[in-house]
Amino acid sequence: FLALRIENVNWQSKLNKAAHHTSDYNSTEAILRRGQAFNITLNLQTAAAAENSFTFIASTGPCPAESQQTKAIFNLSKEDASGWSATQEPSEPGCMNFTIFSPADAVIGRYKLKLQIASGNKVSSTLLGQFVLLFNPWCPNDDVYMANEKDRREYVLNDSGIIFQGLEKYIQQEAWNYGQFEEDILDISLAILDRSLNHRQDPAVDVSNRNNPIYVSRVVSAMVNSNDEKGVVEGKWDGKYRSGTNPLQWSGSVTILRKWYKRRYKPVRYGQCWVFAGVMCTVLRSLGIPTRVITNFNSAHDRNLNLSIDKYIDVSGKTLHLTEDSVWNFHVWNESWFIRRDLGSFYDGWQVLDATPQERSKGMYQCGPASTRAIKEGDVNLDYDSSFVFAAVNADYVTWIRYSNKRKEKIYSDTRKIGKFISTKAVGTNFRVDVTASYKYPEGSLKERRVYKKALKLLGVRRTGKRTKIIRHRQRSSVAWRRNTTQPAQKPSISGKLILDASPVIGQDILLTLALRNLISDFKTIRVKLSASAILYTRKPKAEILQLSRSVKLGPAEEKEIPFKIAYAQYKKSLMDDRKILVTALCETKQGASLLVEKDIVLQDPLLTIKVLGPTVVHKAVNVQVTLTNPLSEVVTDCVLRAEGSGLLKEQLRINVARMAPMESTTVQFEIVPYKSGTRQLQVDLVCIHFSDIKGFVTLDVAPA
């Protein structure tokens with residue numbers, strides 16, 4: 001018996017990677033997609049005898065077994081029951097070419113491939129090597145199949161993107177570096193699966209479930225937060241980040257994932273919703289599941305799932321924390337694309353996943369996948385967590401005044417405030433696409449009301465009487481009426497709105513006007529209680545900035561404008577790491593309805609410009625010039641300029657900016673050497689203790705070498 005001696009194995013890396021759309025992975029390993037053929041060549045020391053028979057064994061996980069679909073044993077030209085098969089192709093003398101097929105429902109992960117050679121009754125076994133198998137959106141039989149090539153380029157292959165933030169009336173673009181193809185990121189994504197609670201409890205069953213995107217995406221939604229399993233990111237929402245990084249300072253997932261991995265799986269501090277969503281998008285795209293990032297403006301966090309968010313204010317208009325319900329200015333989650341064999345084909349398509357640890361689901365901080373179709377149709381009883389997401393986009397917003405004697409009065413119920421401008425980045429461009437219509441029927445339509453009632457019924461929520469509608473004013477602020485509960489609702493006798501006199505910039509005074517109008521033909525004296533607080537994007541107050549009281553006399557049908565300002569000195573200390581302010585004016589009259597006017601303010605970024613001084617070509621150095629302005633009328637010291645971008649910089653670049661004079665513009669120059677062609681995103685971030693980060697980005701088209 002002459003054993004067939006194999007000199008080496010050629011995994012045809014370039015050829016296979018191009019065919020499997022995995023050329024972008026920064027790795028020497030064979031990275032392949034399931035449901036698609038790949039080629040390997042064996043270079044031989046001895047020629048193969050005609051009587052040799054070949055058997056391949058592909059295995060994954062710590063305890064491979066055919067019964068668990070984690071091991072496949074297959075011969076040449078005969079497809080095994082597992083769906084794996086191999087064929088021998090024509091070859092030059094001294095080598096053998098094989099084509100190997102994996103099934104479209106194979107378990108994903110790192111595999112070993114062995115070859116058993118039998119000659120007569122003798123068998124020898126050789127390890128041919130390892131490969132990584134991923135989900136395959138290009139394969140029509142894969143659960144994650146996506147038919148449109150432009151969509152696949154965006155949701156699987158794009159390694160940078162835009163996450164929308166801000167306010168419904170002031171939507172901002174924030175660049176994010178997903179970097180799913182950067183060195184180590186695929187290994188880290190696989191390590192995330194191996195660190196999960198499910199894997200630690202039963203590794204064999206966990207690995208055998210990894211053929212299912214429903215299972216894999218749900219595990220990732222639990223592992224991206226640190227709450228149950230020492231996952232990747234630790235959340236913090238109190239404005240105190242001394243023992244870690246302020247969530248606003250991250251601009252991509254790569255630094256976070258590498259930090260977690262290198263520090264032996266110690267959760268990275270700190271994240272908020274867009275950080276969790278950015279990291280989850282990276283992990284799922286790296287595993288081959290088409291994924292995008294979604295922003296929901298005026299997002300409800302409905303703790304008791306009664307589809308009602310109750311907000312309490314005291315007689316001065318200050319928010320009271322009497323309930324765990326809240327409405328965030330925005331909340332960011334993910335959608336992944338796959339079919340729902342568990343629910344039926346009606347629910348195929350985009351599925352909501354949320355890694356932000358808000359509520360437990362089946363005992364753990366995880367959320368989804370919840371079908372967007374289920375949310376739109378009010379099917380809140382369907383797996384997973386569709387009721388929580390339904391409430392986030394559909395709950396009513398009810399405002400109450402609570403008096404010192406604990407008596408409370410309902411001011412109004414707003415059925416249209418929650419779930420506005422649900423946004424994601426467009427395919428192929430940085431434009432915003434509104435996807436609200438995939439989550440709900442038009443506000444106030446018959447269909448929308450029906451769906452709402454269906455959801456209430458499924459959740460077992462009882463409602464008394466009709467839901468009252470808000471009397472609306474065409475303005476940016478939200479207006480509320482207090483109705484005396486013992487009398488029929490009175491007609492409002494005053495109207496009002498808060499107007500910003502100019503776009504406020506950090507470092508400058510904020511000038512506002514409260515415009516009040518008497519709607520009746522009597523004289524009125526109005527007591528105005530005005531307050532301003534620094535808030536987080538969750539609308540949780542961090543610090544009180546201002547409190548004023550004024551008395552205003554209005555003649556019949558008279559209009560008056562009351563100007564006031566929030567001086568920089570008043571907000572300076574409260575807005576060092578963020579730039580959001582909530583202003584409220586409670587306007588009370590002796591008798592009849594009172595008025596609450598609210599306005600959210602986001603201070604604008606000072607100007608930051610990025611110029612690339614020359615053409616961008618792979619492996620050719622090019623200079624980048626960044627011009628920044630100190631927005632303050634005081635000297636600023638110890639700032640750091642950070643730059644990052646997949647395909648442009650291997651790791652984050654940091655440049656010290658020692659001193660900036662008051663209102664001074666400074667230019668910083670640095671060099672980049674692009675290492676990948678195509679559309680690339682360069683992000684720049686000025687970090688400083690005197691004010692929150694100033695960020696900018698530029699999109700570059702890098703030519704091949």
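Entry 1: I began with E6 and strand E7 (residues 95–101), which pair in the antiparallel sense over 5 bridges. For my own records: helices (H or I, at least four residues) and strands (E, at least two) are DSSP runs, numbered from the N terminus. Two strands pair if DSSP finds at least two bridges between them.

Before going on, I noted what I am looking at. This is a predicted model, in which local features need pLDDT of at least 70 and side-chain atom pairs count only at pLDDT 80 or more, while totals for chains, interfaces and linings use all residues. Residues are numbered from 1 along each chain as its sequence is written, and side-chain values use heavy atoms, with hydrogens and water left out.

Back to the strands: I found Ser85 bridged to Phe101 in E7. Which sheet do these strands belong to? I traced an open sheet of 4 strands with antiparallel pairing, in the order E1-E3-E7-E6. Strand E1 (6–10) and strand E6 (85–89) are at the edges with a single partner strand each, so one side of each has no neighbour in the sheet. From one strand to the next, the twist averages 25°; axes here are lines fitted to C-alpha atoms, for helices over the stretch in contact, and angles run from 0 to 180 degrees between N-to-C directions.

**Entry 2: the annotated site.** Next I looked up the UniProt record, an unreviewed entry, which places the feature "active site" at Cys273, His331 and Asp354. These three are spread over 82 residues of sequence, yet they cluster in space, with a largest C-alpha distance of 9.8 Å. I keep in mind that UniProt positions are given in the numbering used here, that feature names are shortened, and that annotations may be inferred rather than shown by experiment. The unreviewed entry also places "domain: Transglutaminase-like" at residues 265–357. I found that stretch to be 16% helix and 44% strand, with its end C-alpha atoms 18 Å apart.

Is Cys273 buried or exposed? Its relative accessibility is 0%, so I wrote down buried. The cut-offs: buried means under 20% relative accessible area, exposed over 50%, and partly exposed in between (1.4 Å probe, protein chains only). Cys273 lies in helix H8 (residues 273–287). Leaving aside neighbours within four places in sequence, Cys273 is in contact (heavy atoms within 4.5 Å) with residues including Trp237, Trp328, His331 and Tyr537.

Asp354 is in the loop between strand E18 (349–353) and strand E19 (360–361), and Asp354 too is buried, at 4% relative accessible area. Beyond its neighbours within four places in sequence, the contacts of Asp354 include Ser221, Met280, His331 and Cys367. I also noted a polar atom of the Asp354 side chain 3.0 Å from the backbone nitrogen of Thr356.

**Entry 3: helices around H8.** How do H3 and H8 pack? Their axes are 9 Å apart, and the packing angle is about 100°. That makes H3 roughly perpendicular to H8, since angles of 65 to 115 degrees count as such; under 35 is roughly parallel, over 145 roughly antiparallel and the rest oblique. Among the residues making the contact are Ile185, Leu186 and Leu193 of H3 and Thr282, Val283 and Leu287 of H8.

Then I turned to helix H7 (residues 254–262), where Val254, Ile256, Leu257, Arg258 and Trp260 are buried. The buried residues of H7 pack against several elements, including strand E11 (170–177), helix H3 (185–194), helix H6 (213–223) and H8. Just after H7, I spotted Arg264 with a positive phi of about 50°.

**Entry 4: an enclosed strand.** In strand E32 (residues 580–588), 9 of the 9 residues are buried, so the strand is largely enclosed by the rest of the structure. In a regular strand the side chains alternate between the two faces of the sheet. I checked both faces of E32: Lys580, Leu582, Thr584, Leu586 and Glu588 are buried on one side, and Ile581, Val583, Ala585 and Cys587 on the other.

Which strands pair with E32? Strand E29 (residues 524–535) does, antiparallel over 8 bridges, with Ala532 opposite Val583. Strand E33 (residues 595–602) also pairs with E32 in the antiparallel sense over 8 bridges, and there Glu598 is the bridge partner of Thr584.

**Entry 5: one serine.** Last, I looked up Ser423 in strand E24 (residues 420–425). Ser423 is buried, at 0% relative accessible area. A polar contact of 2.7 Å joins its side chain to that of Arg432. The term covers a pair of N or O atoms within 3.5 Å; within protein, one must be able to donate a hydrogen and the other to accept it, and residues adjacent in sequence count only if both atoms are side-chain atoms.
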